Amino acid sequence: MIVSALLTSVGINLGLCVLFFALYSVLRKQPCNLKVYAPRLVAEGRAGKRSHFNIEGLLPSAGWVRRAWQPSEDELLNSCGLDGVVFNRIFIFSLRVFSVAAIIGIFVLLPVNYLGDHLRDIDFSDLPNKSLDLFTISNVKDSSNWLWVHFSAAYFITGVVCYLLYAEYKYISNKRIAHFSSSKPQPHHFTVLVRDIPSHGRSSLSDTVEAFFMDYHPSEYLASTVVCRTSKLRGLITDTENLYRRITHLKSRPSSSQNQSHTGFLGLFRKNGDLMGHYEKKLEDLKQNVRLQQSDTSTGREEVPAAFVCFRSRYGAAKALHIRQSTNPTEWVTEHAPEPHDVYWPFFSTSFTQRWISKLVVLVASVLLIVLFLLVVAFVQGLTYLEQLEALLPFLKNILKITVVSQIVTGYLPSLLLHLVASLVPPIMKLFSAMQGYIAISEIEKSACNKMLLFTIWFLFFANVLTGSVTSQFQIFLDPKTIPERLAVAVPTQASFFIAYVVTSWTSLSWELNRTITFISDLISRHCSKTNDDEFQIPSIPYYSEIPRVLLFGLLGFTYFLLAPLILPFILVFFCIGYIIYRNQLLNVYQPKYDTGGRFWPIVHNSTIFSLILMQIIAVGIFGLKKLPLASSLILPLPAVTLLFNDYCRKRFLPIFHDFSAETLIKKDREDRNDPAMEEFLDKLVAAYRDPALMPIRHLTNSNDRTSPLLSSEV
């Protein structure tokens, strides 16, 4: 029944993939919907538009696969930054690892498992109806010498993964250095963020910062920009932008009249006369308030004890960053400055008390999210057992007796529900990270990525494997000696569920390709929104949600490599489809909003090491349950060797992802010393970290230009 349900879920999923692929082909070839499919392609003028109907536009086409495959990695680097290359390398690394794992699992481990305990009772004609247990290590006899095949496979795959991890870490580290050495001067390479600036009586913070760095860094200091509190100003600017969009929407309506009026009962709503004139007058008032607020803020009365300090060289900025500036370690605290467009300005407007309360709120909300999701997992797991479902919903008993319905409910619906619920978590994690006080959007998303990874590993894996209450799940870790044995018992029982989960993920890839949710929301906004905002905005790829999702399949692959190798082909298909789809999205759909220089890779490395150690711990428990104590003892060195390998990689490569060496910085500074454009860059660097809310505003009165922004910079 389990295999039949699995085959049913595969059939349903393939049907959905075909449907989504057909929808994608329609969206891909219709000019009006290019904004949905390929906004970056449209923005860069690389989208071909058709002026007449063509039946070919309704037929599926695989031409996009060739166009996504052709660009080299250097072209991907120039287009998407080093973060895009790192995301692409995750798929390349996974394809290499699981190609080897799938060959061993399918052609070596799977036959051993299947033939292990039923050599005389095999009935190949009834193969689809046999239990999935026949394909797992549970089917091998206790103390069987065939278990040494699994033992050898564990050592072999560990060696392969460590070799490929080392090669990938080295490759990306060299890529990071090469990318920095070949890049043009960037503001964040010459700038340091200084926090906790002490106040000195009558002197303003701007004067204090200027005096301090002129005194202690006279040869390297260039300029500083003190951060101002602009929360009220940002609110006014938002209201101004919304009102401007409403005006442009009214002007764009053919039926709209310049003399619209509003009447109401008993004079509660007075006649306004010229509605457009009313809005334009209100807009002028808002603009005047914005200018007044900007003028008040610029006087220094709303300064925050934080400043962006710019230096004349990269090495000078690095010295200021790594040397403690004051005898009091809590003052003049320095940290990396993000890229100017990566700064999360609203954070600077919060006080210390507000940040402390926010962290407390995040902690409480995280606990509530844990409890809520555990309830969802318990419900999803209940769907995999018809007996529990019939007891919970007795009126469905007759319906559940239908074979097709029971197979869909137990084989496809649980994983689909889990996908839908998990898709709601990333925005929540990003909100939690934003509330924690990070001053860069990239740092917020890195923090959200770590949260999502913990959430994915614990709740999407352990919460499904270790069924029961929260207390019973944590009790397993209170007695470390029993962890391998308990995992070895619990993990194989959920093999069919996770295989169905992987297959269901193929549908999510097709949704990513089609951008179906974006398409629906765009239709709703076009027909229901009062502002009708047609300003073209290119989305950025949400690394914080996509990287943990990809790493989850690596965790499943490693965990079930020895236990249920039947999952490996499905995971390999996922990585194959994901590789080409995400290359297409990176090139044609998304545009990077920041570039961390590949700093997401250490997260990928650590997650892979964890998955590898988890596989080894489960192997210890499996060989113990199978009464092969010698194999169980000989597996014990594997986790220790893996941790030593990880420690070596951390010392060898991780510092490169934190900071660049003096050798690299000085060499780059010397190259730029004779560059005539360097003086112009330093002149622009002075104003690079000016808060956008303090920029002068200019109202564009051309009503025909509906895509022009309300606010523009005038430096």
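Here is a walk through a few parts of this structure, which is a predicted model.

Let's begin with the annotated stretches. The UniProt record, an unreviewed entry, carries the annotation "transmembrane region" for residues 6-27, 97-116, 146-166, 360-386, 453-478, 558-582 and 603-624. What do two of these look like in the model? Residues 146-166 are 95% helix and 0% strand, with 31 Å between the end C-alpha atoms. Residues 558-582 come out at 72% helix and 0% strand, and there the end C-alpha atoms are 23 Å apart.

Next, have a look at a pair of helices, α19 (residues 483-490) and α24 (residues 601-625). Their axes come within 7 Å and cross at roughly 85°. Crossing angles of 65 to 115 degrees count as roughly perpendicular, so that is how α19 and α24 sit relative to each other. On the α19 side, the contact is made by Ile-483, Pro-484, Glu-485, Leu-487, Ala-488 and Val-489. From α24 come Leu-614, Ile-617, Ile-618, Val-620, Gly-621, Ile-622 and Leu-625. Sorted by class, the contact of α19 with α24 has 11 nonpolar residues, one polar and one charged.

Now move to helix α10, residues 314-322. Its buried residues are Arg-314, Gly-316, Ala-317, Ala-318, Ala-320 and Leu-321. What covers the buried residues of α10? The cover includes helices α6 (147-182) and α27 (662-673), along with strands β1 (191-195), β3 (303-311) and β4 (333-336). While you're at the start of α10, check Ser-313: one of its side-chain oxygens reaches to within 3.0 Å of the backbone nitrogen of Gly-316.

Leu-236 is found in helix α8 (residues 231-252). Is Leu-236 buried or exposed? Its relative accessible area is 18%, and the cut-off for buried is under 20%, so Leu-236 is buried. Setting aside neighbours within four places in sequence, Leu-236 is in contact with Leu-286, Asn-289, Val-290 and Gln-293. In that part of the chain you'll also find Lys-287, 51 residues from Leu-236 along the chain, with 8.4 Å between the two C-alpha atoms.

The other residue is Arg-89, in helix α5 (residues 73-114). At 8% relative accessibility, Arg-89 counts as buried too. Which residues touch Arg-89, leaving aside its neighbours within four places in sequence? They are Glu-73, Arg-96, Glu-168, Tyr-171 and Ile-172.

Methods:
Residues are numbered from 1 along each chain as its sequence is written. This is a predicted model: local features need pLDDT of at least 70, side-chain atom pairs count only at pLDDT 80 or more; totals for chains, interfaces and linings use all residues. Side-chain values use heavy atoms; hydrogens and water are left out. Axes are lines fitted to C-alpha atoms, for helices over the stretch in contact, and angles run from 0 to 180 degrees between N-to-C directions. Helices (H or I, at least four residues) and strands (E, at least two) are DSSP runs, numbered from the N terminus. Angles under 35 degrees count as roughly parallel, over 145 as roughly antiparallel, 65 to 115 as roughly perpendicular and the rest as oblique. Contact means heavy atoms within 4.5 Å. Ala, Val, Leu, Ile, Met, Phe, Trp, Tyr, Cys and Pro count as nonpolar, Asp, Glu, Lys and Arg as charged, and the others, Gly among them, as polar. UniProt positions are given in the numbering used here, feature names are shortened, and annotations may be inferred rather than shown by experiment. Buried means under 20% relative accessible area, exposed over 50%, partly exposed in between (1.4 Å probe, protein chains only). A polar contact is a pair of N or O atoms within 3.5 Å; within protein, one must be able to donate a hydrogen and the other to accept it, and residues adjacent in sequence count only if both atoms are side-chain atoms.
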